[in-house]
Amino acid sequence: FMTSLIFSIFNSLVIILWIFLVFFPKRKFTKLIVDYPYIPIVFSLAYIYFIVQVPQIFNADFSTLNGVLELFINSTPESAAAGWIHYLAFDFWMGAWILKNSQNKSIPHFIIIFPLIFTFILGPFGILLYYIFTNLYFKLKK
């Protein structure tokens, strides 16, 4: 029950936080969550809560694809939740960085909306889009 509850809370919370990044980029609350790593730190605490319940994670072989596959095959609700929280924390941190970086470079917000959405959904692909979109923006601006 507790695993499910904590998972649901963090899964819902991150959606609200992403809404602020995408739709309210200049609000004080958005600035607060972008300027300081509070959110990834809070998510890290949830991650630690789940990971300590999965002692076999410390024996996992991360150096081979088969080792990682075995970890997925033998997953538990706690290990799956830890993995998902891991993604949520890092993807959000990257989204916050994209917003802050774009504001520092005076890039219009509409240019980063798709990269932000794709960072939320597909992590690294959104970061790649940010790189492509911002480079195109600066080339066209010249």
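In helix H2, which spans residues 28-35, the buried residues are Thr30, Ile33 and Val34, where buried stands for a relative accessible area under 20%, exposed for over 50% and partly exposed for the range in between, computed with a 1.4 Å probe and protein chains only. These three residues lie on the same side of H2, because they cover an arc of only 100° around the axis, the arc being that of the directions from the helix axis to the C-beta atoms. Lys28 and Lys31 are exposed residues on the face of H2 that is turned away from its buried side. The cover over the buried residues of H2 includes helix H1 (2-23), helix H3 (38-51) and helix H5 (77-104), with contact taken as heavy atoms within 4.5 Å.

The model is predicted, so that local features need pLDDT of at least 70 and side-chain atom pairs count only at pLDDT 80 or more, whereas totals for chains, interfaces and linings use all residues. Residues are numbered from 1 along each chain as its sequence is written, and side-chain values use heavy atoms, with hydrogens and water left out.

Taken as a whole, the protein chain has 7 helices and 0 strands, both being DSSP runs numbered from the N terminus (helices: H or I, at least four residues; strands: E, at least two). The C-alpha atoms fill a box of roughly 55 × 35 × 20 Å along the principal axes, and buried residues account for 33% of the 142 residues in the chain.

In soluble globular proteins, nonpolar side chains tend to be buried together. Here the largest nonpolar core has 31 residues, of which Leu21, Ile33, Phe43, Ile85, Phe92 and Ile112 touch the most other members; such a core is a set of buried Ala, Val, Leu, Ile, Met, Phe, Trp, Tyr and Cys residues joined through side-chain atoms within 4.5 Å. At least two residues of this core come from each of H1, H2, H3, H5, helix H6 (109-122) and helix H7 (124-141), and H5 supplies the largest share, 9 residues. One of the core residues named above, Phe43, touches Phe10, Leu13, Val14, Leu17, Ile85, Leu88 and Ala89, when residues up to four places away in sequence are not counted.

Ser102 lies in helix H5 and is buried, with a relative accessible area of 1%; leaving aside neighbours within four places in sequence, Ser102 is in contact with Ile107, Ile112 and Tyr130. Ser106, by contrast, is placed in the loop between H5 and H6 and counts as exposed at 54% relative accessibility. The backbone of Ser106 has a positive phi of about 55°, although this residue is not a glycine.

A further loop position is Gln53, found between H3 and helix H4 (65-73), which counts as partly exposed at 35% relative accessibility. Apart from neighbours within four places in sequence, Gln53 is in contact with Thr3 and Glu78. The C-alpha atoms of Gln53 and Asp91, which are 38 residues apart along the chain, are separated by 23 Å.
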